[in-house]
Amino acid sequence: MTEERKTGISEAEAAEQARKYAGKVSEETVGEMVEKEGKLKGFFRHISVLQKYWKDVCEVFSLLKDWMAGRYPVIPWTVVATLVGALLYVLSPLDLIPDFIPVVGFTDDAGVFAVALSFAGADLAKYREWKRQRAETIDAEWHEVDA
């Protein structure tokens, strides 16, 4: 099965949409997207074609919040903009395949989100490692306090 059949659009079309929406992102947009976390997570939790990205979307929101709070400033702006742009695309009801079309309406959204994850893959891996090390440090500090 080709990528186009799985997502409803080609990888090239998904990449173009990801770039288009990333170009609309500002620091203010990142904050607005974090405010819509519940709505977006609802899509990823309940829409079958998006469900396989549940852990990824949770990680993206964690990264965005850490970036906004200044805890993780090393993420490149292009990665932040691409991830937020993909989330903007998911929120847009009128995209390449309108979301109100039964069954296939969110397939293009899944394709755009997948392309954004692929683009951000190395940076998301670094973030995961940073979170793991941070959790270990915090855990070690708590054990010192308890001793």
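Once neighbours within four places in sequence are set aside, Leu40 is in contact (heavy atoms within 4.5 Å) with Met33, Phe61, Leu87, Val90 and Leu91. The model is a predicted one, in which local features need pLDDT of at least 70 and side-chain atom pairs count only at pLDDT 80 or more, whereas totals for chains, interfaces and linings use all residues. Residues are numbered from 1 along each chain as its sequence is written, and side-chain values use heavy atoms, with hydrogens and water left out.

Leu40 is also among the residues with the most contacts inside the largest nonpolar core, a group that includes Phe44, Leu87 and Phe113, and this core has 47 residues. Such a core is a set of buried Ala, Val, Leu, Ile, Met, Phe, Trp, Tyr and Cys residues joined through side-chain atoms within 4.5 Å, where buried means under 20% relative accessible area, exposed over 50% and partly exposed in between, for a 1.4 Å probe and protein chains only. Among the elements that give two or more residues to the core are helix 4 (37-46), helix 7 (77-91) and helix 8 (107-146); helices are DSSP runs of H or I with at least four residues, numbered from the N terminus.

In helix 4, the buried residues are Glu37, Leu40, Phe43 and Phe44. They lie on the same side of helix 4 because they cover an arc of only 125 degrees around the axis, the arc being that of the directions from the helix axis to the C-beta atoms. The face turned away from this buried side carries the exposed residues Gly38, Lys39 and His46.

How do helix 4 and helix 7 cross? Their axes, which are lines fitted to C-alpha atoms over the stretch in contact, with angles from 0 to 180 degrees between N-to-C directions, come within 11 Å and cross at roughly 75 degrees. The two helices are therefore roughly perpendicular to each other, a label given to angles of 65 to 115 degrees. Lys39, Leu40, Phe43 and Phe44 of helix 4 make the contact with Leu87, Val90 and Leu91 of helix 7.

Helix 2 also packs against helix 7, with axes that come within 7 Å and cross at roughly 105 degrees, which makes helix 2 roughly perpendicular to helix 7. Here Gln17, Tyr21 and Ala22 in helix 2 meet Ala81, Thr82, Gly85, Leu88 and Tyr89 in helix 7.

Methods:
Parallel < 35°, antiparallel > 145°, perpendicular 65-115°, else oblique.
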